Amino acid sequence: MEYEELWTLEDAITTAVNATGKEIWDLQFDHKSGIIRLELCEHLEEDEQAILIAHLTQNADYEGEGNHGSVFNIYLQDA
């Protein structure tokens with residue numbers, strides 16, 4: 001994946017998170033697995049997790065709870 005494509009996706013993820021009123025603690029692309037790992041600044045309830053996933057343009061799922069907040073895996077279609 002090209003840097004510009006990744007930057008655009010991360011920008012879209014940031015926009016989606018901001019639209020739900022949440023904040024990002026960490027957002028990283030894992031080259032080995034081909035996913036973007038998103039950790040928020042807070043722990044979300046199940047309904048809030050579903051709302052966030054619905055706002056994302058890429059396929060994503062709830063991974064669990066990290067040190068700072070809820071963690072999501074965002075899958076790239078062409079990774």
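The largest nonpolar core of this predicted model holds 17 residues. I13, I36, L38, L40, L52 and I74 have the most contacts inside it. Such a core is a set of buried Ala, Val, Leu, Ile, Met, Phe, Trp, Tyr and Cys residues joined through side-chain atoms within 4.5 Å. α1 (3–19), β1 (24–30), β2 (35–40) and β4 (70–75) each supply at least two residues of this core. The largest share, five residues, comes from α1. In soluble globular proteins, nonpolar side chains tend to be buried together.

This is a predicted model: local features need pLDDT of at least 70, side-chain atom pairs count only at pLDDT 80 or more, and totals for chains, interfaces and linings use all residues. Residues are numbered from 1 along each chain as its sequence is written, and side-chain values use heavy atoms, with hydrogens and water left out.

Helices (H or I, at least four residues) and strands (E, at least two) are DSSP runs, numbered from the N terminus. Two strands pair if DSSP finds at least two bridges between them. β2 has two such partners in the table.

| Strand pair | Sense | Bridges | Residues standing opposite |
|---|---|---|---|
| β1 and β2 | antiparallel | six bridges | F29 and I36 |
| β2 and β4 | antiparallel | five bridges | E39 and V71 |

Four residues lie between the strands in the hairpin of β1 and β2. There, G34 takes a positive phi near 75°. Five of the six residues of β2 are buried, so this strand is largely enclosed by the rest of the structure. Buried means under 20% relative accessible area, exposed over 50%, and partly exposed in between (1.4 Å probe, protein chains only).

Next, single residues. Contact means heavy atoms within 4.5 Å. Neighbours within four places in sequence aside, L38 is in contact with I13, V17, I24, D26, L27, L52, S70, V71, F72 and I74.

E10 lies in helix α1. E10 counts as partly exposed because its relative accessibility is 21%. Not counting residues up to four places away in sequence, E10 touches L27, F29 and I36. E10 and I53 are 43 residues apart in sequence and 14 Å apart in space, C-alpha to C-alpha.

N73 sits in strand β4. N73 counts as buried because its relative accessibility is 8%. Its side chain makes a polar contact with the side chain of E63 (2.6 Å). A polar contact is a pair of N or O atoms within 3.5 Å; within protein, one must be able to donate a hydrogen and the other to accept it, and residues adjacent in sequence count only if both atoms are side-chain atoms. Beyond four places in sequence, the contacts of N73 include I35, I36 and R37.
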